[in-house]
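The tour below moves from one selection to the next and says what is found at each stop.

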Amino acid sequence: METAIRTLPVFADLRAFLEWADSQRDLLRIADPVALRHQMTAVQVAALQGGGPVLRFDAARHDDGARAAMPVVANLFGTKARVAAGLGLDCAQIHEFGDFLAGLRTPAPVDGMRDALSRWPMLRAALLTRPHIARRGAVQQVTAAPDLTQLPVQTPWPGDAGPLITWPVVITRPHGTEAAQVARYNLGVYRAQVLGPDRLILRWLAHRGGAAHARTWARANEPMPVAIALGADPATLLAAALPLPETVSELAFSGVLRGARADLVPARTVPLLVPAHAEIMLEGWVHPGETSPEGPFGDHTGYYNAVEPFPVMRTSAITHRRDPLYLTTITGRPPDEPSVIGEVFNDLALPVIRAQIPEVRDLWLPPAACSYRIAVVSIDKRYPGQARRVMLALWGMLAQFSYTKMVVVVDADINARSWDDIAWALATRMDPARDVMVLDTTPMDYLDFASPREGLAGKIGIDATTKIGAETTRDWGQVMALRPQDAAFAADLLARHAAGGR
Ligand SMILES: Cc1cc2nc3c(=O)[nH]c(=O)nc-3n(C[C@H](O)[C@H](O)[C@H](O)COP(=O)(O)O)c2cc1C
């Protein structure tokens, strides 16, 4: 990217990022034996809840007590600061970077040379979107037998069905494309249950890019090539986790995030190009119609999912570095690592949302509400009925809010990220009979068992804004506030007394 804002070095691979974390004293190496079944989860949960460092387990243990063949890395993006760092940024620059991304989506026509130069970061970003095809890549230093049981795969929760690969970057392309057409690739993070030495289940939900590609191969009745990058570089991991529109290539976008083009190499046994600097690559095929019951596994909702059939991938090769690292995470009741990532994505998406709904001041997807089920939005309110228009716009215009079952709209003077402020607005600006809008039979993810029918549920919108015009016939209350000079006087007085008291 080399926008004016990128401050950190380019992280070409996971280990470069770990070295940086280490230099910040934000990496903890654990030499003690830790069991991959359940025990490691407890360490990850405790570290995440304490805002702790990246964890590197040097002596992970399989069920039979055998020491894992490679170190296990966890809690990579366990803090907002590390997610920002994965984007090459400091936390304070996330909003600015969001503006930059919104600008990339809607490039204004260039007007004269000066204007063109001022857009240099955008042009440079556009160039970084073209992946580079290399002949050799570290990820292919070793070609191993396709035996998944050799990998240190966690079984995270007590009720889980078995070992689960939790940070896979699943690479697919649609039927009818060539391997070289990388702009058509999809990268998504879809958890993968290990069934045996050469079989795993890919849990891509029906609306994901990977699932859309699978349908094209199934229609043609042909096996689909799939590659799974384990331990990709931070930009690839974050680009794959971002809900980008289908028209935007994650590989291209990762170049913008990384500040350097993606390096790809041809996979050994499938017609796909794969990230050259990943730690481990799984290659294989999904055969039309072959599925297996997946789960149950603990999920980001805080509950175990129902068992559902998902496609099976048969591995044809595993390649890896000479000294690979295995990257893992866990999903559970928030906060978990994906919810920390979600908070940063929330801030990144804000300028794009504002471009479509300009009165939006701020928008918060509380992590505790699974990062998408509840949204709180503050608006510059100017006319009666505006809060409802904003709710409908969020649900209708922006696909990412399809599964947001509650939208609360507040005025711009309310901090949309503070439950105390939200509660005050609800308590003083909302009438349940007038200000609640309930919709029914709208889309909902199958993970929500509170909805009466799988895939269909209600939505609730709560207008907690000040009522104006025809919205009320009563005089509205006036918000109390101290005079600024009195507040300053008090702060000064107390500071002087505190200093004197010491
Ligand atoms: C750690 C982690 C695990 C995830 N697990 C799944 C999963 O099992 N299934 C799924 O459909 N999405 C899962 N997601 C969310 C998707 O990866 C994410 O929405 C991504 O943007 C989907 O990409 P796509 O829009 O290209 O399909 C996970 C995300 C993270 C960060």
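Begin by selecting the ligand and its surroundings: 20 residues surround it, and the closest are Gly188, Val189, Leu205, Arg208 and Gly209, where a residue counts as near a molecule if its C-beta atom, placed from the backbone, lies within 6 Å of it. Strand 10 (186–189), helix 7 (209–219) and helix 10 (337–356) are the elements that give two or more residues to this shell, helices (H or I, at least four residues) and strands (E, at least two) being DSSP runs numbered from the N terminus. Strand 10 contributes the most, with three residues. Colouring the shell by residue class gives ten nonpolar, seven polar and three charged residues; here Ala, Val, Leu, Ile, Met, Phe, Trp, Tyr, Cys and Pro count as nonpolar, Asp, Glu, Lys and Arg as charged, and the others, Gly among them, as polar.

Before going on, note that this is a predicted model, in which local features need pLDDT of at least 70 and side-chain atom pairs count only at pLDDT 80 or more, while totals for chains, interfaces and linings use all residues. Residues are numbered from 1 along each chain as its sequence is written.

Next, select Val170, which is found in strand 9 (residues 169–172). Is Val170 buried or exposed? Val170 counts as buried because it has 26 C-beta neighbours inside 10 Å; the cut-offs are 20 or more other C-beta atoms within 10 Å for buried, 12 or fewer for exposed, and partly exposed in between, with C-beta atoms placed from the backbone. The C-alpha atoms of Val170 and Val189 are separated by 6.0 Å, although the two residues are 19 residues apart along the chain. Leaving aside neighbours within four places in sequence, Val170 is in contact with Gly188, Tyr190, Leu202, Gly210, Val226 and Ile228, contact meaning that the C-beta atoms, placed from the backbone, lie within 7 Å.

Now turn to the strands. Strand 11 (residues 192–196) runs antiparallel to strand 8 (residues 164–165), joined to it by two bridges, and Ala192 is the bridge partner of Ile165; strands are taken to pair if DSSP finds at least two bridges between them. Strand 11 also pairs in the antiparallel sense with strand 12 (residues 199–202), over four bridges, and Ala192 stands opposite Leu202 there. Strand 11 and strand 12 form a hairpin with two residues between them.

Then colour by domain: the protein chain is divided into domain 1 (14–327) and domain 2 (337–471), with bounds that come from an automatic or database domain assignment. The centres of the two domains, taken over C-alpha atoms, are separated by 30 Å. Their contact takes 24 residues from domain 1 and 18 residues from domain 2.

Finish at Leu494, which lies in helix 14 (residues 484–501). Leu494 is exposed, with 10 other C-beta atoms within 10 Å.

Technical notes
Contact = placed C-beta atoms within 7 Å.
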